[in-house]
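Subject: Structure handover

Hi,

Here is the structure I promised to pass on.

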Amino acid sequence: MNADDRTLLAGARVATRLPAQDLERARRFYREQLGLEPVDERPGGLLYRCSGVDFVVFQSTGASPGTFTQMAWEVDDIEAVVSELSRRGVVFEEVDVPGFRTRGQIAEIDGNYPSKGARGERGAWFCDSEGNMLGIGEPVV
């Protein structure tokens, strides 16, 4: 393997794919609860864009187990975002695992990636209408 082989994907864009057993139900959830509209669509798929990053919700016969974070947004004010999403009907998960536990819907997480220049992160999690676990994070500087 040469150096070019090791960086083959380093310059590529990452695009998340989230399965939906009911694409119209998912569309309503993303519109009504999250305030997002697809920027494009095709049969069996909805393309969303947030700050120049794409994710797709696609028709699938498979289902997510909803046991791990599949996608997350990084925000500047997690309390405001959690409060507004709760007002719109989003139900946040209670998490109690080694290393962190939610209190008032938000967990304090020690440590963060040094390259991000933060000493920790605050996080909250919820499932979409299709059982995909999604997260909200705010770096703690």
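Start at Leu 34. Not counting residues up to four places away in sequence, Leu 34 touches Phe 29, Trp 73, Leu 85, Arg 88, Val 90 and Phe 126. Contact here means heavy atoms within 4.5 Å.

Some ground rules. This is a predicted model, in which local features need pLDDT of at least 70, side-chain atom pairs count only at pLDDT 80 or more, and totals for chains, interfaces and linings use all residues. Residues are numbered from 1 along each chain as its sequence is written, and side-chain values use heavy atoms, with hydrogens and water left out.

The core

Leu 34 also belongs to the largest nonpolar core, which has 25 residues. A nonpolar core is a set of buried Ala, Val, Leu, Ile, Met, Phe, Trp, Tyr and Cys residues joined through side-chain atoms within 4.5 Å. Buried means under 20% relative accessible area, exposed over 50%, and partly exposed in between (1.4 Å probe, protein chains only). Tyr 30, Leu 34, Phe 55, Val 57, Phe 92 and Phe 126 touch the most other members. At least two residues each come from S1, H2, S3, S4, helix H3 (78-87), strand S9 (120-127) and strand S10 (133-140). H2 gives the most, with four residues. Helices (H or I, at least four residues) and strands (E, at least two) are DSSP runs, numbered from the N terminus. In soluble globular proteins, nonpolar side chains tend to be buried together.

The aromatics

The structure holds eight aromatic pairs. Rings of Phe, Tyr and Trp (its six-membered ring) pair if their centres lie within 6.5 Å; planes under 30 degrees apart count as stacked, over 60 as edge-to-face and the rest as tilted. Phe 29 and Tyr 30 are edge-to-face, because their ring centres are 5.5 Å apart and their planes stand at 80°. Phe 29 is buried at 10% relative accessible area, and Tyr 30 is buried at 0%. Tyr 48 and Phe 55 are stacked, because their ring centres are 5.1 Å apart and their planes lie at 15°. Tyr 48 and Phe 55 are both buried. One aromatic cluster takes in Phe 29, Tyr 30, Tyr 48, Phe 55, Trp 73, Phe 92 and Phe 126.

The sheet and its helix

Four strands form an open sheet with mixed pairing, in the order S1-S4-S3-S2. Two strands pair if DSSP finds at least two bridges between them. The edge strands are S1 (16-20) and S2 (40-42), each pairing on one side only. Neighbouring strands are turned by 20° against each other on average, direction ignored. S2 and S3 (residues 45-50) run antiparallel and are joined by three bridges. Glu 41 stands opposite Leu 46 in S3. Helix H2 (residues 23-32) lies across S1, S2, S3 and S4 (53-59), at about 145° to S4. Axes are lines fitted to C-alpha atoms, for helices over the stretch in contact, and angles run from 0 to 180 degrees between N-to-C directions.

The hairpin

S7 (residues 100-103) and S8 (residues 106-110) pair in the antiparallel sense over two bridges. Thr 102 has Ala 107 in S8 as its bridge partner. S7 and S8 form a hairpin with two residues between them, and Gly 104 in the turn has a positive phi of about 65°. S8 also pairs with S9, antiparallel, over four bridges. There, Glu 108 stands opposite Arg 122 in S9.

Where two loops meet

Ser 64 lies in the loop between S4 and strand S5 (69-74). Ser 64 counts as buried because its relative accessibility is 13%. Its side chain reaches the backbone nitrogen of Gly 66 at 3.1 Å. The Ser 64 side chain also makes a polar contact with the side chain of Gln 70 (2.7 Å). A polar contact is a pair of N or O atoms within 3.5 Å; within protein, one must be able to donate a hydrogen and the other to accept it, and residues adjacent in sequence count only if both atoms are side-chain atoms.

Gly 131 lies in the loop between S9 and S10. Gly 131 is partly exposed, at 21% relative accessible area. Gly 131 and Gly 66 are 65 residues apart in sequence, yet 5.2 Å apart in space, C-alpha to C-alpha. Beyond four places in sequence, Gly 131 touches Ser 64, Pro 65, Gly 66 and Gln 70.

Best wishes
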